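Colleague: I would like a close look at one part of this model, namely how its charged side chains pair. Please start with the overall fold and then go through the pairs one at a time.

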Amino acid sequence: EFNGSFYQPSAFLMMGIPGLEALHHWISIPFCALYLIALLGNCMILFIIKKTPSLHEPMYYFLSMLAVTDLGLVLCTLPTTLGLFWFDRRRIGFDACLTQMYFIHILSFTESSVLLAMAFDRFIAISRPLRHSSILTKMTIIKIGLAIILRAMVSLLPIPFLLKRLTYCRKTELSHSFCFHPDIMNLACADIKVNVFYGMIILLSTVGMDFIFIVLSYILIIKTVIGLATKEECLKALNTCVSHICAVLVFFIPMIGLSMIHRFGKNVPPLVNTLVAYTYLIIPPALNPIIYSIKSSHIREALLRALRRKSE
């Protein structure tokens, strides 16, 4: 109940999977597997790119950024998720929750921007193959990386302060095993119009614009590919984009779904909300290394060479 005075909880209570609390220990097994795949897979990608001089190209530098971002997302959610499933640790301090939320959103926005940078890289590689390396130099890639991080940090900086100013109800249960801005915001008893408006504007101006520019990049790529001389050249050019298209779909589909559920899906069953949230934060970091290892012959060959050296 809310009696009009300012109230801020000392902690929130995280939720696991609604209705399946008794099975949390068993449910933790696939979660552990996904986290392990994500950690080992992304570390492997970084190790292979670092140790293979032939992979020191723009495409693989951006892939390294994607791997680092995925590792960050995994490390942000792993402690609270497995802590809840293994030890039933549901409590998270108010400030700790805001900190986790801030970094989860920063890394999500960063991943979106990295996927846009990768789409731009594919467009340059296909439309200007001879100038690809001269356009995307190491210094240019570093500047793009810094701009991506700076944009995410600055645009999201007001979010924790906007949440901290709110008066909260006595209900402190979150919908997930991690902290998410709309989830915390909906526990407030105060007017949250500013939070809703700012959150929507930031989401549309960053992730929304990234998605639009990714789509535009692929429209230009398709137009360029159609102009190629032979069918074999068209297929070869498009084949270099398959991994990136898969990564885009794996990231954006659950993210858009989760955003829509939090803002408009008041009657959506809690189980659906929870499953979409876990899909959004855990599946992309686990799948991206697999997708690129399968589709990229260069990474696959470098991995096989590394394994052969270890076995000798």
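What percentage of the 312 residues in the protein is buried? Beyond that, which side chain meets Asp 121 in a salt bridge, and what is the nearest side chain of opposite charge to Asp 70?

Modeller: This is a predicted model, in which local features need pLDDT of at least 70 and side-chain atom pairs count only at pLDDT 80 or more, while totals for chains, interfaces and linings use all residues. Residues are numbered from 1 along each chain as its sequence is written, and side-chain values use heavy atoms, without hydrogens or water.

Buried residues account for 49% of the 312 in the protein (buried is under 20% relative accessible area, exposed over 50%, partly exposed in between; 1.4 Å probe, protein chains only). The protein contains 12 helices and two strands (DSSP runs of H or I with at least four residues, or of E with at least two, numbered from the N terminus). Their order from the N terminus is β-α-α-β-α-α-α-α-α-α-α-α-α-α. The radius of gyration is 21 Å, close to the 20 Å of the globule rule for 312 residues, so the protein is as compact as a globular protein of that length (C-alpha atoms; the rule is 2.2 Å times the number of residues to the power 0.38). Along the principal axes, the C-alpha atoms fill a box of roughly 70 × 45 × 35 Å. Of the contacts between residues at least 6 apart in sequence, 81% join residues at least 24 apart (contact is heavy atoms within 4.5 Å).

Now the charges. There are 27 positive and 16 negative side chains, and the centres of the two sets lie 6 Å apart (Lys and Arg against Asp and Glu, without His and chain ends; placed at NZ, CZ, CG or CD respectively for Lys, Arg, Asp and Glu). The structure holds four salt bridges (a Lys or Arg side-chain nitrogen within 4 Å of an Asp or Glu carboxyl oxygen).

One of them joins Glu 173 to Arg 90, with 3.2 Å between the closest N and O atoms. The partners are 83 residues apart: Glu 173 is in the loop between helix H6 (158-164) and helix H7 (181-185), and Arg 90 is in the loop between helix H2 (58-87) and strand S2 (91-93). Glu 173 is partly exposed at 37% relative accessible area, and Arg 90 is likewise partly exposed at 26%.

Helix H6 also takes part in the bridge between Asp 95 and Lys 164, whose closest N and O atoms are 2.7 Å apart. Asp 95 is partly exposed at 47%, as is Lys 164 at 34%.

As for Asp 121, its salt bridge is with Arg 122, at 3.0 Å from N to O. Here Arg 122 is buried at 8% relative accessibility, and Asp 121 is buried at 1%.

Asp 70, in helix H2, is also buried but has no salt bridge; Arg 151, its nearest side chain of opposite charge, is 15 Å away. Setting aside neighbours within four places in sequence, Asp 70 contacts Asn 42, Glu 111, Pro 284, Pro 285 and Asn 288.
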